[in-house]
Every structure is written in structure tokens, then in C-alpha cells.
Amino acid sequence: MVIQREITLRPQNRGFHLVTTEISTQIPELKTIRHGLLHIFMKHTSASLTLNENADPTVRTDFESYFNKTIPENASYFEHDTEGSDDMQAHLKSSILGSSVSIPITDGRLNLGTWQGIYFCEHRNYGGARELILTLIGEVK
Amino acid sequence: MVIQREITLRPQNRGFHLVTTEISTQIPELKTIRHGLLHIFMKHTSASLTLNENADPTVRTDFESYFNKTIPENASYFEHDTEGSDDMQAHLKSSILGSSVSIPITDGRLNLGTWQGIYFCEHRNYGGARELILTLIGEVK
Amino acid sequence: MVIQREITLRPQNRGFHLVTTEISTQIPELKTIRHGLLHIFMKHTSASLTLNENADPTVRTDFESYFNKTIPENASYFEHDTEGSDDMQAHLKSSILGSSVSIPITDGRLNLGTWQGIYFCEHRNYGGARELILTLIGEVK
């Protein structure tokens, strides 16, 4: 069984945002699956998705600090700068963190670890709404 | 056909460890699949999974050295430090390397390249046993 | 429905190369799928796959510059150096960028964003031809 939905994430500030519930509530067919996978795909090249700690918000703040320190905004050697100083660094972060995550589904729910949540990583200063594609592959209960 | 198993990786020291056999022997249904995918998922936010060179152990040592050099243990700007100096760096490594790998299955075995193996990347000093979920999707032979 | 094909990417210079068409034309069954996923897997540990901007070639040049600056070719602490100075840095890039990408299929085509393309990331100076495995999982139209 394959189910697919195109959804939109509401605009967020540059940084790392917990969106586990915002995503999972938009694919109610999750509840019908015994065993499977949910593939979550970002249709953009300057935002990304990752899994990390879902509790203390300073983890997300530290992510933003770390990636800003290690990926420069205005490297003198960047040639691609027509879309602004936040553009090339956003492309790099997108590939380092990745455009998709795949999460096991077990007995009708995302089988995440206790501390795992889905991060929407917005790398542009003004990224706007972001389109995702959810693809669920699994066996019905 | 979808098969799912929850397995435990035995505790390892901080560093990069080859676990191809430890994982593949825990899902014997692999042998029955003609074409498919094995999704291997880490239910933790301070350890990760990746694929890399399966022969010379100094590759794994160099991985540990490189990631320790580029991701600081005690950055002055980290705010999340209540769980010890090895905590925030572990979360960052987990997202850079990733929480899962997906490997093609062909004729009943993992279709890895000659030099590819699965690395269990333990980023905490004392991480303990780690839970994984294996999800196999494929067509039976 | 699961379809699998083993394909070869023609040799490329060290750097980042757009291969969306070179890959998608080698799995014509794409056109028959209503909803599904295409998993693209690199059978090597010194090359990688990622998704990023498909228009301006300077994005790819800047990727090569950035990763060369941040991942050293001859770090004094590297122990694995028997295969040349471009070897260990290639293994590290391969794990940071990743060995595979998974892309949703919708109505017979890869459902990429307007600006998304598939990058073949060659990290060795002389990598040669590279083997990929394409695994398509989906429902027929």
C-alpha cells in the first residue's frame, strides 16, 4: 500500500523547528498501517529535514549557532551570490543535513525514539512556506 | 511484503564501528527477498549510522579524529550543556551523519559495494546499548 | 511493485555534477508508477549523492570549494593514507553527504522541486565509472 500527500509547512524564522505533530497530523492514514515507512521529502534546496532531540529548545538554538559558525555567509571564494549572502550557505546546509527523512511506522504510529523529533531546518532569512511530499509505504493492519 | 524487527546493538566505545554482520544476521528474512530495500533506523539522537570503507580500521579512527576536530566538545556558545560536555557534539554528529541508512537487497542479500560496510557511530562517551528498527520492503523470490 | 536496475555513471572529474537525466532515463518504468519512491544508491565509499540547485553551475563549484576547505586533504592526524592524499577526505565527504537519495514518484515522474536536481559527487581525483543501484517501489497507474 502506497499513500502520498503533498503538504505545506507554515513559514518559520531561520533556524531549527520541531514539526513532528505538524507533519504527522497531515497524514491520518498512518493509523491504519501495521508495519511500514514514512518518507518525508523537502521540495527545496535551501531548507532541510533532520531528526534530533525533541525536548530542550537550546539544542535547536545550538544547531543554528554551530552551522552558522562552520558554514560562512560571505565566503570570499563563493561565486554564487546573486540571491544574497544567505543563499549559498543555505544550499550547503541543505545537502549536509539532507532533503528527506524516513521513519518506521509500527502499529499505526511513527516509531521514533523517546527523545526523537522531526526538525524543519529553515536556512534562508525569509524562506516562506515550504512544500513537502509525504510517501507512506506499508501493510494495513 | 513488509517485515519489521526491533533489535539492539551491543554497547560500543565512542567511535565508529563496523556492524554489517551484527545487523544482517538479525533479519534472516533477507534471504527470501528477490528485490527490495532494508531501512535501518537508529532510535537515538546521539548516535548515528553511515556507510563507509569496511577494510582498514584506520578509516574508522580517522573518522573519529576528524569529527572531534571539527565539532567542538565545549564550545563557549553552546547553551545545551546539562548532560555533559559530550552531549551537544553528539547531537550535531547524529544529524550530520544521519539516523538511518537504506540499502538495496538483491537475490537475498544486501547489495553493498565491495568496500562498503555499515558503521554504527557512537558519539557519547558511555552510550550503552542502542535500539534499531529494521524495516524490509521487497518482493519474495 | 518493486523494480531494480544496476546502472553505471560515466566517469566525471572530481567535483559536483548534475545527473538527473542521466539517471532517470535509465529506469523507464518510472512512467508506469502512480505513487512511489525511487531509491538511488552509490556502491562506493569515495563518491556520494545529494540533491541541490539545478540551474547555476557556480553552486556546484562552490560546493567543491567549500568541502575542500573544510575537509583537509593531508591532515597530519590522518592514519589512512596508503591510497593517496585524496582518499581519506573522499571517505569523509561520502559519509557527510550520503550514499543514497530517495525521491518521491508521482504520476510517472520524479516529483522534485522546481530547482532540485540530483548531484553525483565525485570525491577522488580519478574515480572512474561508478555503479549505482536504482530501486523503485510503487503502485502502478
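This is a predicted model: local features need pLDDT of at least 70, side-chain atom pairs count only at pLDDT 80 or more; totals for chains, interfaces and linings use all residues.

Residues are numbered from 1 along each chain as its sequence is written, chains are lettered from A and ligands numbered from 1 in the order written, and side-chain values use heavy atoms, with hydrogens and water left out.

**Helix pair**
- Helix α2 (residues 57-70) of chain A and helix α3 (residues 87-97) of chain B have axes (lines fitted to C-alpha atoms, for helices over the stretch in contact) that come within 11 Å and cross at roughly 70°.
- So α2(A) is roughly perpendicular to α3(B) (65 to 115 degrees counts as that).
- On the α2(A) side, Val59(A), Asp62(A), Phe63(A), Tyr66(A) and Phe67(A) make the contact (heavy atoms within 4.5 Å), and α3(B) brings Met88(B), His91(B), Leu92(B), Ser95(B) and Ile96(B).

**Chain A with chain B**
- Here 32 residues of chain A meet 29 residues of chain B.
- Together they bury about 2,500 Å² (accessible area lost, 1.4 Å probe, summed over both), with 61% on carbon and sulfur atoms.
- Asp62(A), Tyr66(A) and Gln116(A) lose the most area in chain A, together 23% of what that side buries.

**Chain A with chain C**
- This time 29 residues of chain A touch 32 residues of chain C.
- The buried area is about 2,500 Å², and carbon and sulfur atoms give 61% of it.
- In chain A, Gln4(A), Tyr77(A) and Ser95(A) lose the most area to chain C, together 23% of that side's share.

Definitions and conventions:
Axes are lines fitted to C-alpha atoms, for helices over the stretch in contact, and angles run from 0 to 180 degrees between N-to-C directions. Helices (H or I, at least four residues) and strands (E, at least two) are DSSP runs, numbered from the N terminus. Angles under 35 degrees count as roughly parallel, over 145 as roughly antiparallel, 65 to 115 as roughly perpendicular and the rest as oblique. Buried area is the accessible area (1.4 Å probe) that two parts lose on being put together, summed over both.
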